[in-house]
Amino acid sequence: MGKMKIKAKEKDGVVKVKAMFKSLMADTEEAEKKKIEAEYITYILGTVGEKVVFEATTSGFMAENPLVKFSFTGAKKGDELAFALTDNHGKTVTDKKKIK
Amino acid sequence: MERRKFLNLGLVAAAAVLAPMTNLHAVNFRETKPDAWKAEKSADAIKAMFGDGELKTTDKIKFVAPKLAENGGSIPITLSTDLDIETIALFQDANPRAATVVFSVPEGQKVDYSFRIKMRQTAVVTIVAKAKDGTLYTLAKEIDVSIGGCGG
């Protein structure tokens, strides 16, 4: 698990977000077949400041490099959207991006 | 200041600091509902996740998915609704375990999610959404998969 790409754009008070998280999303069975270690994201948390705007608990049956699109209200241009990912090994990766 | 009053003040301050923290990390369903992630069948997973409540079929939730998925490794799904939803989850019967993703909708936000899932064979995909008032909504769709995902 590693990098993520975040795009966030505000228009008329609604922030549209496209985010891609790099991960193999390989659950036990798939990992066995490919002879790799199981690795998938289990928890995604998106925040703006102190406020949670996106929260998902995922399993290895999301597609590889999960691309998530969503929108939320209550943020403005220049605010920072931060994502925190947790994988099945308990590793956490964070990244943030300014809302355009 | 009396000692008792001083201690009380400290408690109030601590609670005020802690309150936004707990709000920030709402629910990690893998920790709170571990059984739901091990269930093989959608029905069992739904029961473990949402309890025994009655499931109401609805058409108020928009669930967009291809009828025939050419690539089972990446099936685009879109979920959106105007209902006041607290939690929305996706289950499928194609993979070794049914639970795929659970979104906790933050306070005041609407459901509008697009993402992709993997399915190794043709199966029924079930969406279950829990409204703020506790009602459980459900809808299901069969997706034909021509080439399996999940390395199959």
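Predicted model: local features only at pLDDT ≥ 70, side-chain atom pairs only at ≥ 80, totals over all residues.
Strand S3 of chain A spans residues 41-48. Eight of its eight residues are buried, so the strand is largely enclosed by the rest of the structure; a residue is counted as buried when 20 or more other C-beta atoms lie within 10 Å of its own.

S3(A) pairs with two strands of chain A. With strand S6 (residues 80-87), the pairing is antiparallel and runs over seven bridges; here A:Val48 has A:Leu81 as its bridge partner. With strand S4 (residues 51-58), the pairing is also antiparallel and comprises six bridges, and A:Gly46 is bridged to A:Phe54. S3(A) and S4(A) form a hairpin with two residues between the strands, in which A:Gly49 adopts a positive phi near 60°.

S4(A) also pairs across the chain boundary. Its partner in chain B is strand S6 (residues 99-104), joined in the antiparallel sense over three bridges. Within this pairing, A:Ala56 lies opposite B:Phe103.

The contact between the chains involves 28 residues of chain A and 30 residues of chain B. On the side of chain A that touches chain B, at least two residues each come from helix H1 (28-34), S3, S4 and strand S5 (67-73). S5(A) contributes the most to this side, with seven residues. By residue class, the side of chain A that touches chain B consists of 12 nonpolar, eight polar and eight charged residues.

Notes. Residues numbered from 1 in each chain as written. Chains lettered and ligands numbered in written order. Buried ≥ 20, exposed ≤ 12 C-beta atoms within 10 Å, placed from the backbone. Helix = DSSP H or I, 4+ residues; strand = E, 2+ residues; numbered from the N terminus. Pairing = 2+ DSSP bridges. Contact = placed C-beta atoms within 7 Å. Nonpolar A, V, L, I, M, F, W, Y, C, P; charged D, E, K, R; others polar.
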